[in-house]
Every structure is written in structure tokens, then in C-alpha cells.
Amino acid sequence: MEQTAIFSDKGYDEFGKQFLDRGIKRIIVVCGSSFKKLSVGKYITDFFAANNIEIVFFSDYQPNPDYESVVKGVDVFRKNECDSILAVGGGSAMDVAKCIKLYATMPLGSDYINQKIEPNNIPFFAIPTTAGTGSEATRFAVIYYKGAKQSIADYSCIPQVILFDPSVLETLPDYQRKVTMLDAFCHAVESFWSVNSTDESKAYSKDAIRLILNNMGSYLKNEYDGNRNMLMAANIAGKAINITQTTAGHAMCYKLTSLYGIAHGHAAALCVSELWPYMIENTEKCIDSRGGKYLDSVFEEIAEAMGEKSPMDAAAKFKNIVESLGLKAPKIKSEGDFDVLKKSVNPTRLKNNPVFLDEDTIDMLYHKILK
Ligand SMILES: [Fe+2]
């Protein structure tokens, strides 16, 4: 699907024009409370008012949104007869907006999650406000249904128009700034070694890794160029996982987030830090049909993209970055945690991982992560 990407470097008018071109009359804006403080938020509010486009705000959802809040959003969309959707936010706003888009045309009041998805043409716009998830580039949405994580996937939930506005990152809290960047880094690396990788996805991964490393300093100092390039890096890493999906690092990180309340990118980075060297040393357990030698060459390529001499140096560099950002492992509450953690890992996602991981290995890795 064609996606229009617009940069705010010359202001927001080109973005505004996209709504007029599509004849938008009433739009649901899925966003957090910070929307009105953003300069693009003020622009949109004024621009829509001047052009008789009615806004229906929807903010009634939590981080890691659940199915019930999505249903509320669908009800708001339908009741107000909205004709389009704008998501402004990080992963959660994007996930909610994607599900509203997919569910809005399903039979009213049905159990949307069990219905077959029929693609629809509801115009869908997005403004990512973190440089991390890359969700604006993927066909996936994650929501929680009866307490369990559900991945919903359809190409028609990829936004048609995206605005990249570096100024939205200026007020990002420090912890969010670090962990969202690491989420993007994990996307790029996991996609690189995924069994589903293609030449195209690997080119995206390589670009994203280089952009992240070259701009990390400036981004962490909250400079305009660093913010702009990190938004791009996260988007490119999103394009990579849109092709490959993520692997064991992500499969292992979800329960860390829910058990200990650490951010998704923080948890993913802790998992990837331990998974990476283990995989380099165990390529004989390769389950990628391209073989162990191929996998060795992938680890070499990742090292090269990171400007490192060997795969182990690259893995060590990643771990150093995580440590230098002060992102520590959470404290375990009881030994029973390890059982909960190892049982939480989604076996389907492990099939994307190029090195076979049995339960004992996963248990060993969790012990290293939480040591
Ligand atoms: Fe992620």
C-alpha cells in the first residue's frame, strides 16, 4: 500500500492539505493528553476549525491497551459517524487507532476479535510521538484480550499518511527517550537475524542500525537533527519488522514488562543483551533453512553495520549501550518468577528466531537477564 510520509521541516501545511484532499468532515483523533500542548496539536485544532472538519477526541485507553478500550473507541467512531482516523502518540495510541480502523466496519456489537478482518478504506493518518515502536510502518497491533496479549495483523491498518515532526520529541521524558530508542534498535537487530529476513528487510535493518548509532548522541541531548533522524530510524526499523516480525528478544520481553512494570523497550533491550551472545555461540542450533554458516555471516554483517570487528564485539557494544544508559534489570520477587517467565514465551514467535531455544535455555537466559 502507498504511504505518504511528510516532514514538518517546512511547517504543517502539506500535512493539513492531505485532509482536504480526502474530503474529511469528521475525524476521530486518538491521542493522549499531551496532544494540545504539541505545536502540531495546536495547528491541527486551528486548521480543522478553519476548514469545518469536526474533531472527536478519544483518549479513554491505557498504555498496553485492552480490547474493552478499543471497543469504546469503535463505539465513539460509529456514534459520531466519523469518516477518518488520526493517531497521535506512541505505540498505544497507534494500536488503539489501528484496531478502531479494522473493527469500525465489522457487524455492530460483535466480538470483533474473533471476526475475519475485511480491509476497508477509512482514511488513516498518524503522527508518531516517540522514536521507537515504528508502529506507523507496520501491519501489526497489539492489544490485551482477557489478560492475554493478542497480535492483530492486516495490511489495511497501516496509516496512509504519516507526519514526522521532530519537535514532538522535545518534551519526551528521559527514560522514555532511552527505552524507545532501544526498542527500535532491537527491532532492527532482531529483524536482521530473523528466519523471515529478506534482502529488503536486511537493508532496512542495516540503515536503521547505522542511523541509530550515528545519531544516538545528538538524540540523547535532545537536539533537532538527532530527534529527526531517530524518528526516521525507528520508522525504518518498523519497515524491517513489518516484513519479518520480531524474534526471541521480543517473545521473552513481554512478561518482564507486565511482571515488573518496566517499559517495553527496556525489557526488550535486557533480553536482547543476553540472547545475542548466546546465539553467536550456538549457531550450530540454527533453524533458519539458510543454515548455520549463513547465520554466522548475518552476525558478521550486523557487526559491520555497527562498525565493530567481530560479532561478539557488536553484542558487547549493545550491552554497553544499555548499561551506560543506566537501564538495569529489575529485582525478582521470588524464585517462582522464573517459572512464570519461561511459560510466558510465545512458541510461535520463537519460530522466527534463527537459533533453537528450548525451555532450559530460556530459563538460563532469564537467570542471566535477572541476575
Ligand atoms: Fe518492540
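**Close-up views of strands and a helix**

View 1. In β7, Ala-148 is the bridge partner of Tyr-145; strands and helices here are DSSP runs numbered from the N terminus, with strands (E) of at least two residues and helices (H or I) of at least four. The model is a predicted one, in which local features need pLDDT of at least 70 and side-chain atom pairs count only at pLDDT 80 or more, while totals for chains, interfaces and linings use all residues. Residues are numbered from 1 along each chain as its sequence is written. Strand β6 (residues 140-145) runs antiparallel to strand β7 (residues 148-153), and six bridges join them. The hairpin that β6 and β7 form has two residues between the strands, and Lys-146 in the turn has a positive phi of about 50 degrees.

**View 2. The pairing of β2 with β3.** Strand β2 (residues 26-31) runs parallel to β3 and is joined to β3 by five bridges; Val-30 has Phe-58 in β3 as its bridge partner.

**View 3. Helix α5.** The 20 residues of helix α5 (residues 174-193) reach 29 Å from the first C-alpha to the last, close to the 28 Å expected at 1.5 Å a residue, the expected span being 1.5 Å times one less than the number of residues.

How values were computed: Two strands pair if DSSP finds at least two bridges between them.
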